[in-house]
Amino acid sequence: MSRRELGLLGMGVLAVGAFGADGAVTTAQADLVERPAQLAGRVAFLQVVAHPDDDLYFLNPDIADSVRTGAEVTTVVLTSAEAGGGAAFAAARQHGLRSAYARMAGEQDDAPWRRSVLVTRGGEAELCELGSDSRVRLVFLDIAMGGYTGSTPGDENHTPLAALFHGTETTRPVLKPSESAITGGVYTRDQLVGTLTDLMDRFLPTVVRTMDPDPERRSGPKERAWLTDSGVHTDNEDHTATAWFTYAAYADHRARRGPSVVRLDAYVGYGNARWRHNLGGASEREKLRLLGVYGWADQRNCGDPVGCGDRTVGGNAARPGWSQSTNLRHVGTTDWLRLGPDGRLRAFAAIDGRAVVWTETAAGSGAFGRGVGIEKARLSHQNTAASLTPHLEVAVAGDRRVQLVGLRATTDPDQGTWREEVVVAEERSDGGFTPWTSLGTPIGPVTKDATAVGCPAAVVDGRGTLHVFARNADMSVSWRHRDLTTPGARWTDWRDIGGHRVRDGLTAAVTRNGDVELHAVSHQLWTWHIAAGGAGDPEVTHSALPPMGDPPTVHPLRGGGALLATRAADTGILTLMSRPSGGAWRPGDTAADAALGGQGGFGVVAVQPHVGGAFLAQRGERGLVEVVWQPRVGVADGVRRWLSGPGPILRPSLTVDAHGLVVAAAIGPDGSLYTARIDARDLPRTLQWRPWALA
């Protein structure tokens, strides 16, 4: 199969094969949205990782899905990753990574690459371009990884790359892998940031991906420390430092480039193994196959004296428990498509580090204007800058005016610091927004640590009080609120409201009587009930439900009760549960009644109730938008699914427009908004999707 054919498959035609291969829902019908969405603008992906397997373990299937689009895909590897094996081992790992990328591009494992030398601010790097398609690239900086050190008890995994960012090491040398044409060099902190900035300037990505800049902490001194931990951090410090350098370069690149559509996504590293797995089906199998290619599992004779891959991985990539999941650091929510005060739909997203809104041209028209930033971009021409992470929580008050809540990241390599803070912007009566107000960062009640804060969840209750929640460093939940109906009312202080080993990905909803329910998952579902206005102490309950692979989305029902959509642990199968008013969650009469197939994706799921059933939307197989309709919640009969859209996406949204049409929305990797509508007023007679539309 040619690369052009692979690219076309990635844009939506592959949906036919995906339906044919998925037998999880035997009554599902394989339907395609008419004319699957084609991306409107230029798309380019750039990944920055520490070692030549981080992308395969932690970022895939996103990279493989990106290659399938036919877009430019460039991965930058910072260290030589010699890991005590020296120059030959470093070269073998790079050979394995080239083989894995060749396989993603539909070529033979030992396909030829064009290898050349790039002059960087720190010396020389190696540029590898796939011989059959120069849009697939690898860049190796080959900074010596060195040995782990640490003087702090319990933090013996302190890495030289992290020390370079913090300033406790001033330089790091280049380690020349065997067979490489580079001559060496030395990187300072500024030179590494400058090199990454130059690479972004050269390849002009629309999506930048890197590792987790602020990994989870262990939940307390009693939790077992893993060999891969760095102190209380649940990840390798090389991964974390790579993210810090990437965020700094991203800020500098944005300052040079000006307002654009470039987005920065971060991915969880070793922490994947601490939660139930979320991948299933073809996505998990492909991920393991590519790791097997990298690990030289077939022991083929490739003619390379250093070897054909990383023998320490070999064919045993599943053993550590990292490969069976893919998790975004900033989980986000799916309620970012909302009706405005005048009945027009509005979509909100964080693009290029700032909040952007698209507005429907007329109520129910299905046509949207261009995205508009809610405030002027404030970009520094230094590598120190603040930017919104790619997550916005949209809380709607009774007058349908919006409260935007986000997470703002600030990196300062000159000081060796990184921090995140919760911020809020309020819609004014004229349709504009106030400047961002910082709510600071919730403090872990035990550790007094102000790091590892989760994505905020927010909701406006029936009395007009805005509630903001965030997971804190101790993996419990913190809460602030403010009365929007009283001019000049102040925010309460952050208050810890409990929870144990809570996973990031909170979901909040307003009940029929105007109170607030907050839901979070750990090994069970935690639910906080908070009276409207925020008076009194929250009531906390636990529910024992089937294990979840991703955080749930909870949507209230008009008559009381709620729906819960999630992805089943270890299989990735979509699952929908219901709860009657005042009752308990009902997973379904049988497991099959709750399972809706769709094993290809990861991340939070959107849900929109409809009559006695519901529509769900997820990031599905090949990164496309998968929409599922279940006519009756808890009953498997009649389920239908559609796979299409502008992949690879992050998280879709669902809502109902002014004319009663169900609308699915997604932000493409080109930074554009795409929407599709279905007339669901007279089901199943009118169950027909209208084509995807570009804002």
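Two strands pair if DSSP finds at least two bridges between them. Strands (E, at least two residues) and helices (H or I, at least four) are DSSP runs, numbered from the N terminus. This is a predicted model: local features need pLDDT of at least 70, side-chain atom pairs count only at pLDDT 80 or more, and totals for chains, interfaces and linings use all residues. Residues are numbered from 1 along each chain as its sequence is written, and side-chain values use heavy atoms, without hydrogens and water.

**Three-stranded sheet**
- P556 stands opposite A562 in β28.
- β27 and β28 (residues 562-567) run antiparallel, joined by four bridges.
- The open sheet has the order β27-β28-β29, with antiparallel pairing.
- β27 (553-556) and β29 (574-579) are the edge strands, each pairing on one side only.

**Helices α5 and α9**
- The axes (lines fitted to C-alpha atoms over the stretch in contact) of α5 (residues 86-104) and α9 (residues 281-294) come within 7 Å and cross at roughly 140°.
- Contact (heavy atoms within 4.5 Å) involves R93, G96, L97, S99, A100, R103 and M104 of α5, and L290, V293 and Y294 of α9.

**T655**
- T655 lies in strand β34 (residues 653-656).
- T655 is buried because its relative accessibility is 12%; buried means under 20% relative accessible area, exposed over 50%, partly exposed in between (1.4 Å probe, protein chains only).
- Beyond residues up to four places away in sequence, T655 touches L337, L345, Q608, L661, V662 and V663.

Definitions and conventions:
Axes fitted to C-alpha atoms, helices over the stretch in contact; angles between N-to-C directions.
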